[in-house]
Amino acid sequence: MLNISFYLREPRAQKETPIVMRMVLGGKQLKYSTNERIHTDLWDAERQRTKNVRRNLHSIEINAFLENLNNMAVTAYRDYQFAHRGKSPSLDDIKISLDKNLGRSVEFKTDLFGFFEKLIARSESGVRARRSFATNEYLAGTPTLTIMAITGHKKEKAFLRYIKLVPSDHARLLKDYWEKEVE
């Protein structure tokens, strides 16, 4: 089951500090920025909400936002389970849902292979995305053998036929090569 808590990033600081939402699911943990800050004196760690005091006029809004954020995460968890026949979502699935609901840009922190898999999954045509990826990496100067390890090509000749280079690409590669040689 999804467990959600809120805490201050720097609870001992005598200044404003970010409020962080911690989600725990299946033994894994994800810290999610609320984009809210509060002075440590105005935080109730036991309730995991701001203290309602006169000098903290913003506390009601922050507490309402934290409650809404909690509800959005629980709803994302339940919606995913419903859509996937009881299967639990990953914390990244919940984060993506929260980011969409809050209008935040969705960022993927992944390794190169994970990026490549997501690029193919998002594409209408996996082959076209794979070829574009290979071509763009080749033009960016990524070593050919590294790209071949990702695309699965065993022979460089086949790989070079696979990527689609137009004459202007060859001209730019030659120009870049000459500029490096002059330096």
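Here is a guided walk through the predicted model shown above, from its overall layout to a few individual residues.

Residues are numbered from 1 along each chain as its sequence is written, and side-chain values use heavy atoms, with hydrogens and water left out.

Let's begin with the whole protein. It holds 7 helices and 5 strands, where helices (H or I, at least four residues) and strands (E, at least two) are DSSP runs numbered from the N terminus. Reading from the N terminus, the order of elements is β-β-β-β-β-α-α-α-α-α-α-α. Of the 183 residues, 32% count as buried; buried means under 20% relative accessible area, exposed means over 50%, and partly exposed lies in between (1.4 Å probe, protein chains only). The protein exposes about 12,600 Å², with 51% of that supplied by carbon and sulfur atoms; these areas come from the Shrake-Rupley method with a 1.4 Å probe, and for residues only the protein chains shown count as cover.

Now turn to the sheet. Strands of a sheet pair through backbone hydrogen bonds, either parallel or antiparallel. Here, an open sheet of 3 strands has the order 1-2-3 with antiparallel pairing; two strands pair if DSSP finds at least two bridges between them. Strand 1 (3-8) and strand 3 (28-39) are the edge strands, each pairing on one side only. From one strand to the next, the twist averages 20°. Strand 1 and strand 2 (residues 16-25) are joined over 6 bridges in the antiparallel sense, and Leu-8 stands opposite Ile-19 in strand 2.

Two helices lie across this sheet. Helix 1 (residues 59-83) lies across strand 1, strand 2 and strand 3, at about 160° to strand 3. Helix 2 (residues 91-102) lies across strand 2 and strand 3, at about 30° to strand 3. For these angles, axes are lines fitted to C-alpha atoms, for helices over the stretch in contact, and angles run from 0 to 180 degrees between N-to-C directions; contact means heavy atoms within 4.5 Å.

What is found in the largest nonpolar core? Of its 23 residues, Leu-2, Met-21, Met-23 and Ile-94 touch the most other members. Such a core is a set of buried Ala, Val, Leu, Ile, Met, Phe, Trp, Tyr and Cys residues joined through side-chain atoms within 4.5 Å. Strand 1, strand 2, strand 3, helix 1 and helix 2 each supply at least two residues of this core, and helix 1 gives the most, with 7 residues. Leaving aside neighbours within four places in sequence, Met-21 is in contact with residues including Ile-4, Phe-6, Leu-30, Leu-69 and Leu-98. Asn-70 lies in helix 1 and counts as buried because its relative accessibility is 16%. With the neighbours within four places in sequence left aside, Asn-70 is in contact with Ile-4 and Phe-6.

Finally, look at helix 5 (residues 144-151), where Thr-144, Ile-147, Met-148, Ile-150 and Thr-151 are buried. They share the same side of helix 5 because they cover an arc of only 160° around the axis, the arc being that of the directions from the helix axis to the C-beta atoms. On the other side of helix 5, Leu-145 and Ala-149 are exposed. Just after helix 5, Gly-152 takes a positive phi of about 90°.

Technical notes. This is a predicted model: local features need pLDDT of at least 70, side-chain atom pairs count only at pLDDT 80 or more; totals for chains, interfaces and linings use all residues.
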